[in-house]
Amino acid sequence: MRNKPNGLIYIGVTDNLQERVKEHKFKMYPNSFTAKYNCDKLVYFEKLDNGAKASRREKQFKKWKRAWKISLIEEMNPNWMDISMNWKFDLNKFRN
């Protein structure tokens with residue numbers, strides 16, 4: 001996730017990408033890092049077989065230099081477009 005061009009890059013792991021992106025976009029956790037810094041644009045993701053592999057990959061990414069992360073993102077998404085821009089989110093969980 002990112003906030004603005006040349007801004008912050010947030011790395012996380014989830015077993016439900018669409019729900020997790022929705023949480024970031026609608027700031028379901030207003031005190032979280034992503035809400036505080038407005039990291040709500042999905043610019044890169046990887047799908048892995050299981051949670052253990054995903055956790056190892058997340059830790060690997062977090063150790064990388066920023067330039068390496070940018071290079072990886074730009075291989076998949078050279079314009080840093082929000083991949084989730086046209087996703088339709090179920091907002092029923094937000095309504096009480």
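Q: Which side chains meet in a salt bridge at 2.6 Å, N to O?
A: The side chains of Asp 40 and Lys 41 do. A salt bridge here is a side-chain nitrogen of Lys or Arg within 4 Å of a carboxyl oxygen of Asp or Glu. The model is predicted, so local features need pLDDT of at least 70 and side-chain atom pairs count only at pLDDT 80 or more, while totals for chains, interfaces and linings use all residues. Residues are numbered from 1 along each chain as its sequence is written, and side-chain values use heavy atoms, with hydrogens and water left out.

Q: Is Asp 40 buried or exposed?
A: Asp 40 counts as buried, at 13% relative accessibility. Buried means under 20% relative accessible area, exposed means over 50%, and partly exposed lies in between, using a 1.4 Å probe and protein chains only.

Q: How many salt bridges does the structure hold?
A: The structure holds eight salt bridges. One of them joins Lys 62 and Glu 58, at 3.1 Å from N to O.

Q: Where do Lys 62 and Glu 58 lie?
A: Both lie in helix H3, residues 51-63, and they are four residues apart, about one turn of the helix. Helices (H or I, at least four residues) and strands (E, at least two) are DSSP runs numbered from the N terminus. Glu 58 counts as buried, at 15% relative accessibility.

Q: Which residue forms a salt bridge with Glu 23?
A: Arg 20 does, with the closest N and O atoms 3.1 Å apart. Glu 23 and Arg 20 are three residues apart in helix H1, so about one helical turn separates them. An α-helix has 3.6 residues a turn, so residues three or four places apart point the same way. Glu 23 is buried, with a relative accessible area of 18%, whereas Arg 20 is partly exposed at 25%.

Q: Changing topic, how many aromatic pairs does a search of the whole structure find?
A: The search finds five aromatic pairs. One of them is formed by Tyr 10 and Phe 33, which are stacked at 6.2 Å centre to centre with 25 degrees between the planes. Rings of Phe, Tyr and Trp (its six-membered ring) pair if their centres lie within 6.5 Å; planes under 30 degrees apart count as stacked, over 60 as edge-to-face and the rest as tilted.

Q: Which parts of the chain does that pair link?
A: The pair links distant parts: Tyr 10 is in the segment before helix H1 (17-25), and Phe 33 is in helix H2 (residues 33-36), 23 residues apart. Tyr 10 is partly exposed, with a relative accessible area of 21%, and Phe 33 is partly exposed at 39%.

Q: What is the geometry of the pair that Trp 64 and Trp 68 form?
A: That pair is edge-to-face, at 6.4 Å centre to centre with 80 degrees between the planes. Trp 64 is partly exposed at 22%, and Trp 68 is partly exposed at 49%.

Q: Which residues form one aromatic cluster?
A: Tyr 44, Phe 61, Trp 64 and Trp 68 form it.
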